[in-house]
Amino acid sequence: MKLNRRTFIGTSLATGAALATPALAQAKPKVVVIGGGTGGATCARYIAKDSEGAIDVTLVEANPVYTTCYFSNLYLGDFRTFDSLQHGYETLAQTGVTVVTDMATGVDRDAKTVTLASGDTLSYDKLVLSPGIDFVEGSVNGWVEAEHDQIMPHAYKAGPQTTLLKEQLEAMPEGGTFVMIAPPNPYRCPPGPYERVSMVAHLMTKINPTAKIMVLDPKPKFSKQGLFQDGWNRHYAGMIEWVGPDFGTENITVMPETMEVDLDGEMIQADVVNVIPGQMAGKIAGIAGVTEGNWAPVMPDDMKSKIDENIHVLGDASAQGDMPKSGFSANSQAKVAAMAIRGELTGSRVFPAKYSNTCWSLLGVDDGVKVGASYESNGEKIASVGSFISQVGEDAALRKATYEESLGWYAGITSDIFG
Ligand code: FAD
């Protein structure tokens, strides 16, 4: 992503940006947060709010508006508008966070500075990284993000990719074929691809009832599999075919020029192909040198990097243990990190970390299911201490209540993050 402009949204509470100019140096401790998505924006907001101006908080985010991945599948299924997924930073700025719209391009851990695409430099006492995911190059044969994401979109970072996939689905010929290449573990939102399949099927029953959906999955099993497959049979009988590694899904090549997919020698002619590649921590985490392999290892008590004690890594980018990569998890981790950072910088009280997560998925009209757990540090990792999951065969009233619960969760988390 290229950015050539840089804007500040500030308020009277946001006393001065954390520019690394000696003349502007100030006594207040400085926190810079990279990534104004679910984890980063939550953390910035909670540090600013709870420290009541004692800490300078600067949030660096590449985009002026955040589009949630959560509920983007519901947009594909016509249950939500695209606008309802978008959130600005104005209210966050009013809680005392200096919001900088720019791309962070470098981190100097010795000098404790962050370089921005605009050329500016920010200094920090504590740095928080919550850059989400990037895609592992070459993880799907034949697909190169820079060349092919307009032909075979991933729609796994919400925004123009999401609207592109919807346009392609709406333009699919009658009786056409939608192919999803599902991602290998670990990836953001374990039920996300399968909720997407449900929502695409729902859309097709309305606009293209003879359409076919194929899911080519490198994994032998997937999150909430029994619940999804039961829902697909009940709502979309005969429309969805899920193919696992027993049938060659570990040997797939896509051909964007001809819209074909080579499944271990069998050629599939598709009309729309959704390629969800293998994933890794957002690139700035690797640039900062806090990754091992594809992810950034963190301490389970406070989300502090295992490589640099002045850096915390939140959300999808972190390797923390048992929590799934979800918005709920990122929000929960961000609050633990915010409390720990405030404690270190101002001496405020720090309580033992407790985390939680719930992932809701919509199967069809008023047919919601969920899976979730609570977590604590066991010293080594964030470990599950109790979990729950919806059951096949639940009555319609419970499924409707579960869906309604998810609407409440969306309203609550977006207001918690963005005000
Ligand atoms: P993000 O929210 O992705 O935020 C990262 C931010 O960092 C982005 O805004 C990006 O622009 C910015 N950024 C990255 N690099 C830089 C840089 N160098 N400089 C400046 N800015 C940068 N989760 C749920 O809890 N429930 C759901 O129902 C759910 N459904 C989902 C459905 C789909 C289809 C998908 C794809 C995901 C879903 N998720 C869901 C997962 C959820 O969206 C992510 O887990 C969550 O957003 C992770 O938060 P994060 O802060 O790690 O990353």
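Trainee: Which residues form one aromatic cluster with Trp 360?

Mentor: The model discussed here is predicted. A search of the whole structure finds 17 aromatic pairs. Trp 360 belongs to one aromatic cluster, whose other members are Tyr 70, Phe 71, Phe 328, Trp 409 and Tyr 410.

Trainee: Why is the pair of Phe 71 and Trp 409 classed as it is?

Mentor: The ring centres of Phe 71 and Trp 409 are 6.4 Å apart, and their planes meet at 65°. Planes over 60 degrees apart count as edge-to-face. The pair of Phe 71 and Trp 409 is therefore edge-to-face.

Trainee: How many residues apart are Phe 71 and Trp 409 in the chain?

Mentor: Phe 71 is in the loop between strand E4 (65-67) and helix H2 (72-76), whereas Trp 409 is in helix H10 (residues 396-418). The pair thus links distant parts of the chain, and the separation is 338 residues.

Trainee: Is Trp 409 buried or exposed?

Mentor: A residue counts as buried under 20% relative accessible area. Trp 409 has 16% relative accessibility, so Trp 409 counts as buried.

Trainee: At what angle do the ring planes of Phe 135 and Trp 143 lie?

Mentor: Phe 135 is buried, with a relative accessible area of 6%, and Trp 143 counts as buried at 6% relative accessibility. Their ring centres are 6.4 Å apart, and the pair is edge-to-face because the planes lie at 85°.

Trainee: Which residue lies over the face of Tyr 410?

Mentor: Tyr 410 is one of the residues of the aromatic cluster. At 4.7 Å from the centre of its ring, over the face, lies Arg 80.

Conventions:
Residues numbered from 1 in each chain as written. Predicted model: local features only at pLDDT ≥ 70, side-chain atom pairs only at ≥ 80, totals over all residues. Heavy atoms only, no water. Phe/Tyr/Trp six-rings, centres within 6.5 Å; stacked < 30°, edge-to-face > 60°. Helix = DSSP H or I, 4+ residues; strand = E, 2+ residues; numbered from the N terminus. Buried < 20%, exposed > 50% of the residue type's maximum accessible area, 1.4 Å probe, protein only. Lys NZ or Arg CZ within 6 Å of the ring centre and 35° of its normal.
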